[in-house]
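Hi,

Here is the model I said I would pass on.

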Amino acid sequence: MTQKRKADDAATTTEALAHAARGAALKLATATGDERTAALRRIHAALKQNADRIKAENKKDLDNAAKNNLSKQLIRRLDLSGADKFDAMLQGVLDIAEMEDPVGKTSLATRLDTGLDLYRVSCPIGVVLIIFEARPEVVVNIAALTIKSGNAVILKGGKEAQYSNAILHQIISEALSEITQSSVTKDAVLLVESRTAIDTLLQMDRYIDLVIPRGSNALVRHVQGNTRIPVLGHADGICTTYLDQNLDQESALRILIDAKTTAPSACNATETLLIHSSHLLTPFFHTLLARLTLANISLRLDPPLFTYLTPLEKQNALITEATEEDFSTEFLDTILAVRAVPTLSAAIAHINSHGSHHTDAIITTSSENADAFLRSVDSADVFWNASTRFADGFRFGFGAEIGVSTNKTHARGPVGVEGLLIYKFRLHGNGQCSGDYGVGKKEYKHEKLEVEENKFQL
Ligand SMILES: NC(=O)C1=CN([C@@H]2O[C@H](COP(=O)(O)OP(=O)(O)OC[C@H]3O[C@@H](n4cnc5c(N)ncnc54)[C@H](OP(=O)(O)O)[C@@H]3O)[C@@H](O)[C@H]2O)C=CC1
Ligand SMILES: N[C@@H](CCC(=O)OP(=O)(O)O)C(=O)O
């Protein structure tokens, strides 16, 4: 078989898959809340029953990762063997299943005229293509969120997690196949494994309604540059924590260490530390350096800061000179770029020009400064006296997350079921025509209608 023929066949198979997802989405759009909840409970039971099968496949990925000398961060992401991670993944499915049904909610109701009522009602987006990193539990998180919100999904996870992704998907498929007489079908959750398949799918705007690339900036840009399908980018996190002039020092240190060390490679870890320059001549500056380096954090200091170091600090191997590039870098490691700024406005300007509009925090006892920061920083998540690591769907109470959107429309920050919904306008009339209204004719009433939020829920 020629290379071209093989490529054509692969594209045909991928197109068939996209077509199947479209069919599943059309059915799913008519599923009742109870049907979607039942599907999630079935998936939960199947994952629980098949824990050993899942862990055995996960081990293959872990063995390959060890053989290929992959980083410890990547191995930590891949590893599903710990009870905590596995149980949290299962619990997430149940939490999402038990959530109030988000589909069919009425958010606006207007009487245009007697017998002519307009309703704005939440509905699924349709088929969503989601590309994400080598973190297997994301297969389950996303499947749960998309089913709950009535969307069909095509998943593509990181290649390092191929065995784990495949088994998780297979168990979800088996569980969905076992449910008969339901509008939630097996094709509601589909999996592809190659970048070639992604390139084909990016051309399928007739079947796919939204692409969510969750990963590096390069991935998001690649997707944006190669498709006509709307893209909801979940890109890198160049997150900053700013230490303002007046603050609770101990709390600032705890927050910073949490933001940098609890998951250094996560997109919500702090990468840049900005400090108000008033701290440079105080003992707090030296405590800060000592506590951060004791926590094994490497500090890349802006060159002007070296003037303020003691001779001992200058000899600390964890303290080195930063380059300008470090202030626009996502280290994904226990490294912090550190810079002093003369004012709050300078901190805000730095974040808006160097950050990635993901998550940024201010540590301050001044509510005025906090308010100015929270209003002016142009990021999806803006926090006051809290760690950037809170930027997460689970911690926000969404059950799980698709990821953290760095887009400005249509969803921003941690994306749960609500970010997977759009709305439609339902107009209920009894024969009215638009030409009946206007100057010298009938007038619109435009009265606000009081209706139950769940009037259209199935
Ligand atoms: N905002 C958010 O919610 C999140 C963002 N991230 C960010 O992700 C990054 C870390 O993940 P990492 O795995 O290194 O990211 P990558 O962008 O390298 O990979 C992520 C996924 O994208 C795929 N991919 C990458 N390039 C292409 C392409 N050209 N065509 C098709 N598919 C492609 C990969 O496939 P393959 O494996 O086959 O190479 C993988 O499935 C960090 O920047 C982190 O901040 C991580 C988690 C959440
Ligand atoms: N938002 C979540 C996930 C972060 C995440 O996916 O990180 P990673 O895959 O390590 O880049 C959290 O805070 O744990």
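Below is what I found, going from the whole chain down to single residues.

First, the ground rules. This is a predicted model, in which local features need pLDDT of at least 70 and side-chain atom pairs count only at pLDDT 80 or more, while totals for chains, interfaces and linings use all residues. Residues are numbered from 1 along each chain as its sequence is written, and chains are lettered from A and ligands numbered from 1 in the order in which they are written.

**The chain as a whole**

The C-alpha trace spans about 85 × 70 × 45 Å along its principal axes. There are 14 helices and 17 strands in the chain; these are DSSP runs (helices H or I, at least four residues; strands E, at least two), numbered from the N terminus. Of the 458 residues, 44% count as buried. For that term, a residue is buried if 20 or more other C-beta atoms lie within 10 Å of its own, exposed if 12 or fewer, and partly exposed in between, with C-beta atoms placed from the backbone. Among contacts with a separation of 6 or more, 73% are between residues 24 or more positions apart; a contact is two C-beta atoms, placed from the backbone, within 7 Å.

**Two domains**

The chain divides into domain 1 (3-234 + 413-419) and domain 2 (239-398), with bounds that come from an automatic or database domain assignment. Their centres, taken over C-alpha atoms, are separated by 34 Å. At the interface, 6 residues of domain 1 are in contact with 11 residues of domain 2. The side of domain 1 that touches domain 2 has 2 nonpolar residues, 4 polar and no charged. Here Ala, Val, Leu, Ile, Met, Phe, Trp, Tyr, Cys and Pro count as nonpolar, Asp, Glu, Lys and Arg as charged, and the others, Gly among them, as polar.

**The ligands**

A residue counts as being around a ligand if its C-beta atom, placed from the backbone, lies within 6 Å of it. Ligand 1 has 24 such residues, of which Gly215, Ser216, Leu219, Cys267 and Gly403 come nearest. That shell splits into 8 nonpolar, 9 polar and 7 charged residues, and helix 8 (195-201) and helix 9 (217-225) each supply at least two of its members.

Around ligand 2 are Arg77, Glu133, Arg135, Ala263, Ser265, Ala266, Cys267, Asn268, Arg389 and Asp392. By class they are 3 nonpolar, 2 polar and 5 charged. Both domain 1 and domain 2 contribute at least three residues each to this shell.

One of those shell residues, Arg135, sits in the loop between strand 3 (127-131) and helix 6 (137-148). Arginine 135 is buried, with 23 other C-beta atoms within 10 Å. Leaving aside residues up to four places away in sequence, arginine 135 touches Arg77 and Ala161.

**Helix 3**

Helix 3 (residues 51-67) has 17 residues and reaches 24 Å from its first C-alpha to its last, close to the 24 Å expected at 1.5 Å a residue (the expected span is 1.5 Å times one less than the number of residues). Which of its residues are buried? They are Ile54, Glu57, Asn58, Asp61, Leu62 and Ala65. These lie on the same side of helix 3, because they cover an arc of only 150° around the axis, the arc being that of the directions from the helix axis to the C-beta atoms. Asp52, Ala56, Asp63, Ala66 and Lys67 are exposed on the other side. The cover over the buried residues includes helix 2 (33-49), helix 4 (72-78) and helix 7 (162-178).

Most residues other than glycine have a negative phi, and most peptide bonds are trans. Here are some exceptions to look at:

- Asparagine 296 has a positive phi of about 70°, in the loop between helix 11 (283-294) and strand 9 (298-301). Asparagine 296 is exposed, with 12 other C-beta atoms within 10 Å.
- Leucine 332 has a positive phi of about 55° and is partly exposed, with 19 other C-beta atoms within 10 Å.
- Threonine 409 and histidine 410 are joined by a cis peptide bond, with omega about -15°. Histidine 410 lies in the loop between strand 14 (404-405) and strand 15 (413-414).

Cheers
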